[in-house]
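Reader: Please show me the model. I would like to go through it piece by piece.

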Amino acid sequence: MSEAVAIHVGVEPQESPLTPENWGKLGMWLFLAADAMTFGCLIVGYGILRHASSNWPVPSSILGINLTAFMTFLLIVSSIWMVLSLSAIQQGDKPRFRKFLGLVILGGLVFLGCQAYEWHHLITEVLPHHNLAFGKDLFATTFFVLTGFHGMHVTGGVIYNSCVLAAVSRGRYQAKHVEIAGLYWHFVDLVWILIFTFVYLV
Amino acid sequence: MTTTTHTETNYMGVFWWLLVLTIAEIAVIYMPIVRLAVVILLVSMAISKAALVALYFMHLKFERWTLGLIALSPFVLCVFLILMLMPDIFPR
């Protein structure tokens with residue numbers, strides 16, 4: 001019995017067929033594919049409901065795009081910071097890694113703050129003025145469902161990145177873990193690019 | 001322990017492209033052109049931006065093509081969903 005255990009302890013698992021670097025990366029890609037299907041269904045559903053509606057308001061006239069354009073810029077910049085933090089940890093430069101991943105987390109928090117401000121402004125001032133509300137009409141309901149679902153992902157990303165930052169600082173995580181966290185963060189950026197276009201601009 | 005490194009990728013170049021496309025998107029909605037053209041331009045630019053993020057920031061361009069198939073699978077589902085809902089989108 002103990003011999004069998006001893007034999008298995010030193011055995012490396014077979015490498016992942018699609019991501020030879022590590023299994024975690026494949027796992028994250030599978031998760032993101034499933035998550036993209038959820039977002040895809042929400043966006044397609046939004047488009048079909050909008051197409052079928054005869055009195056859909058012009059989004060840019062109600063939602064405003066100055067703040068969301070800034071939020072889009074923020075997520076794009078945070079993606080660059082994520083890439084730079086990965087580059088830093090790959091070179092073993094932990095202070096530089098901490099600086100850039102810290103900026104990614106800060107960027108995520110500012111994004112969430114902007115979204116909270118936008119929601120508050122819409123709920124208390126703009127939507128009542130147009131006689132719109134969540135649960136009352138499709139425009140407001142689909143808007144809050146889509147942006148809220150994305151906001152939950154940003155919240156998850158901020159928590160995830162904070163955990164990665166702490167774990168790398170303690171020496172428990174290496175560059176491969178940062179690369180996997182980066183995949184998630186870039187995905188959040190990618191989805192926002194689509195939401196910004198389909199919900200705010202089109 | 002290994003990770004994917006792509007020193008040849010010009011990340012700042014990708015960033016500037018994303019920024020230019022975002023500014024162009026905002027400019028397009030104020031252009032005095034027909035709505036269909038606005039929608040086509042906006043969707044084209046959004047897909048271009050999403051592709052830049054996936055290919056370069058998520059390194060899909062440098063991964064095995066089978067991983068690309070996994071990444072593309074949600075789009076197949078979306079197309080399928082749209083086709084299945086066609087009778088509702090364009091009723092007779």
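Reader: How many residues does helix 6 of chain A have, and what span does it reach from its first C-alpha to its last?
Author: This is a predicted model, in which local features need pLDDT of at least 70, side-chain atom pairs count only at pLDDT 80 or more, and totals for chains, interfaces and linings use all residues. Residues are numbered from 1 along each chain as its sequence is written, while chains are lettered from A and ligands numbered from 1 in the order in which they are written. Helices (H or I, at least four residues) and strands (E, at least two) are DSSP runs, numbered from the N terminus; the expected span of a helix is 1.5 Å times one less than its number of residues. Helix 6 covers residues 138-169 of chain A, close to the expected 46 Å, with 32 residues and a span of 46 Å.

Reader: Which helix of chain A has the highest confidence?
Author: pLDDT is the predictor's confidence in each residue, from 0 to 100. Chain A has a mean of 89, and 93% of its residues reach 70 or more. The lowest mean, 51, belongs to helix 1 (residues 2-9) of chain A, and the highest, 96, to helix 6.

Reader: Is Asn131(A) buried or exposed?
Author: Asn131(A) sits in the loop between helix 5 (94-129) and helix 6 of chain A. Its phi is positive, near 60°. A residue is buried if 20 or more other C-beta atoms lie within 10 Å of its own, exposed if 12 or fewer, and partly exposed in between, with C-beta atoms placed from the backbone. Asn131(A) has 8 such atoms, so it is exposed.

Reader: And His59(B), buried or exposed?
Author: His59(B) lies in the loop between helix 2 (35-57) and helix 3 (65-84) of chain B. Its phi is also positive, about 65°, although it is not a glycine. With 22 other C-beta atoms within 10 Å, His59(B) is buried.

Reader: Which helix of chain A gives the most to the side that touches chain B?
Author: Two residues are in contact if their C-beta atoms, placed from the backbone, lie within 7 Å. The contact takes 36 residues from chain A and 37 from chain B. Helix 2 (23-52), helix 4 (66-90) and helix 7 (175-201) of chain A each supply at least two residues of the chain A side. The most, 11 residues, comes from helix 7.

Reader: How many helices are there in chain B?
Author: Chain B has 0 strands. From the N terminus on, its elements run α-α-α-α. The count of helices is 4.
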